[in-house]
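Here are a few notes to read alongside the coordinates. I hope they are handy when you next open the model.

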Amino acid sequence: MNTQQYKEYIELQVLESLAENKTQTTIAQELTMAIGKVNYIANALIGKGFIKAGNFVNAKNKKKYKYLLTEKGLDEKITITKKFIKIKKAEYEKMQKELEKYESSKRNNII
């Protein structure tokens with residue numbers, strides 16, 4: 001996975017987590033990254049128009065936000081997910097070929 005693909009994967013993980021209405025602290029813990037990085041990515045996703053953020057009007061804690069996935073965000077989520085599946089399929093196929101090669105060489109050495 002190259003740098004761009006990794007960046008898209010991280011954005012996808014944060015996008016999915018925010019859409020599930022998880023807090024940035026929870027997301028940071030689950031993805032083992034700094035809260036500041038999650039905040040940076042969330043703001044970038046807002047800037048791209050992929051999510052909207054709003055605080056709860058009646059909430060006691062005004063710092064808590066609810067993130068809503070936009071139509072543009074859903075389209076991006078689908079696109080990134082398709083790319084990621086394609087990458088993982090290629091990795092799987094490569095590993096499957098290596099496994100078959102190892103099994104074949106093992107059979108040839110035993111017989």
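1. A cut-off to start with: a residue counts as buried under 20% relative accessible area, as exposed over 50%, and as partly exposed in between. Y9, with a relative accessible area of 25%, is therefore partly exposed. F84 has a relative accessible area of 21%, so this residue is partly exposed too. Please keep in mind that this is a predicted model.

2. Those two residues belong together. A search of the whole structure finds one aromatic pair, and Y9 and F84 are its members. Two values are used to describe such a pair: the distance of the ring centres and the angle of the planes. Here the centres are 4.7 Å apart and the planes make an angle of 25°. Planes under 30 degrees apart count as stacked, and the Y9–F84 pair is stacked.

3. Which helices does the pair connect? Y9 sits in helix α1 (residues 3–19), while F84 sits in helix α4 (residues 71–110), so the pair ties together parts that are 75 residues apart in sequence.

4. Next, have a look at α2 (24–31). Its buried residues are Q24, I27 and A28. Around the helix axis they cover an arc of only 100°, which puts them on the same side of α2. The cover over these buried residues includes α1, α3 and β2 (65–69).

5. The loop between α2 and α3 holds T32. Is T32 buried or exposed? Its relative accessibility is 74%, so T32 counts as exposed.

6. On to helix α3, which runs over residues 35–47 and has 13 residues. From its first C-alpha to its last, α3 reaches 18 Å, close to the 18 Å expected at 1.5 Å a residue. Four names to select in your viewer are V38, I41, A42 and L45, which are buried in α3. Seen down the axis of α3, the buried residues fall within an arc of 100°, so they line one face of the helix.

7. Turning α3 around, the face away from its buried side carries the exposed residues Y40 and G47. Just after α3 comes G49, with a positive phi of about 85°.

Note on methods
Residues numbered from 1 in each chain as written. Predicted model: local features only at pLDDT ≥ 70, side-chain atom pairs only at ≥ 80, totals over all residues. Heavy atoms only, no water. Helix = DSSP H or I, 4+ residues; strand = E, 2+ residues; numbered from the N terminus. Expected span 1.5 Å × (residues − 1). Buried < 20%, exposed > 50% of the residue type's maximum accessible area, 1.4 Å probe, protein only. Arc of directions from axis to C-beta. Phe/Tyr/Trp six-rings, centres within 6.5 Å; stacked < 30°, edge-to-face > 60°. Contact = heavy atoms within 4.5 Å.
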